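Welcome, and please open the model in your viewer. We will take a short walk through its pockets, one selection at a time.

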Amino acid sequence: MNRNLLFAALLAAGLAQAGLADAADIKIVNLDQGTGQGLDDPTPTTPIGGNPGTTKGEQAQIVFQFAADLWGAALESDVEILNTVTFQPLACDATSGVLGSSGTNYIFAFEDGPDLPPGMLAETWYHSALGDAIAGTDLGIINDLPADTPDIISQFNGKLGEPGCLTGNGWYYGLDGNTPSDRISLIDVIMHEMAHGLGFSGFNNLASGALNQGIPDVYSTYVADNSTGKNWVDMTDAERVAAAKNNGHLVFFGQNVKDEAPLVLTSGTDDDGNVKLYAPTALAQGSSFSHYDTSLTMNALMEPFINDSLSADVLLDLTPALFKDVGWTVNGGNQMLLDCDTGVPTSVTGGLIAGANIYASAKAFAGGAENLLVYRDQIRDHADVLADDEVITPDQHTSLLACLTDEATATQFEEWGNGDTGEPCDPETEECGPDVPDAIALTNKVPVTGLSGTGGEVLYSFEAEAGSVLSIMTYGGTGDVSVYVSLGEEPTADSYDSRSTRAGNSETVRFTAPEAGTYYIKLAGTYGRLTLVARQ
């Protein structure tokens, strides 16, 4: 199905939903901090696809938080969800490798009785984050676990694309879904893996058919073998071993998945509308059972193999539907930007998450923007792109722009950005920083000729790169010039980083290991027909 036609169909199906959405709070815990690797990798890079990061590690952190904000907006929970992450090398070679993995850190089950939280099945395993959300409290703390115990543990391959590790197929760190053909979308992979940790997985021993400690998990209660007519939880161990390898016949029968499947699939269901699960005839540990089948068309986020037709920044297809079946409350109300109702649903049936994308994008743009004016342009441009791509309707675009006025974006940037308005500082009402010197800019290796002075001072500036030798020279003409140079501030005859005051006009100031920044160059004295040049 054409992606834009799908968006239009899902929007039409979801417009009747009402109410305002409450977001879960998913916190990314960086386990690479202080290592100089992975999420702490200082390798310089260029902002790309809406990702403002300027180092490899920073860009990765932004993508992880973007994914957390997408899922957080789409799901409801009163309990903070902690997700530890590493971005270190994982197993790989030149043609294949592990992209990443995530899983719940703890599982919880309750006996039938007064302590069973409403909405939970008795004697059934729940993922930590899901159990917390249904119970409305941190089940880890109730079970005497430390408050900082993570709900989800994730590891991703930070070596991807380097020599010997899927060489030439590195990560795409953009947030816009425009992944080049020779890259792998990091946001798609994170959204897939995070979904496993949130509830898209079972806890069975597929090789033996045994249930975990003899009791089922909530995911498995909705799994059946349609060739035998038996539900997973009613099978014997031997029957489960066979069902896990019964290609084309292992299905998920949750009502929400069945109801929403016709909105997004043209194949991949059985005659009863159940959606097929991955069950190859050779058991694939880590892939079998806890994924949708590869026969689904369109391709689904939770199939076992990544593919380039995904758009997890805006579309999660049947994943939210399955989450509703296992017990999550999925936000179907309008997305808020702080106190402003955007008029765009956070999610709609069929998995379109336009509102969640707006929220996550606003936080990412504000967090990386140099100032308010930059953020304002970015988020308004993004609203236009969503409308042009038919992710939101024209009416929703108009409603969204009402939340992106000058006043509203200033409030958003104050909450999520660095507070710099981008406007000139008014010293009468604000505490202003030091004045930027008024200087004549020099261009690298371009001489300025015919200069003259009659005892006064003239200030020039040069934007230097780090590392390469910087030379500032004067020559020619008549008289006697003195040269004073400082980084980041105006030099004087008494305060400077370096100077050259020889008799005559032949002066040289050299920095063998300059820092990146603005070097200010002051010429003083009486001289005529002088030439000034900066070289790096």
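What volume does the second largest pocket have? About 380 Å³. Keep in mind as you look around that this is a predicted model.

**Stop one: the second largest pocket**

Begin by selecting L175, D176, N178, H382 and V385, the residues of the lining that lie nearest the centre of this pocket. In total, 20 residues line the second largest pocket. Two elements give two or more residues each to that lining: helix 9 (354-368) and helix 10 (372-388).

**Stop two: the largest pocket**

Now move on to the largest pocket, which holds about 680 Å³ of space. Select H192, E193, H196, G286 and H291 to land on the lining residues nearest its centre. They belong to a lining of 35 residues.

Which elements each supply at least two residues of this lining? Select strand 3 (100-104) and helix 5 (186-198) to see them. Strand 3 gives the most to the lining of the largest pocket, and its share is five residues.

Finish by colouring the lining of the largest pocket by class: 20 residues are polar, 13 are nonpolar and two are charged.

How values were computed
Residues numbered from 1 in each chain as written. Predicted model: local features only at pLDDT ≥ 70, side-chain atom pairs only at ≥ 80, totals over all residues. Heavy atoms only, no water. 1 Å grid on protein atoms, 1.4 Å probe; cavity = no way out; pocket = protein on both sides within 12 Å on 5 of 7 lines; lining within 4 Å. Points joined across faces, edges and corners; volume = space filled by probe spheres on them. Helix = DSSP H or I, 4+ residues; strand = E, 2+ residues; numbered from the N terminus. Nonpolar A, V, L, I, M, F, W, Y, C, P; charged D, E, K, R; others polar.
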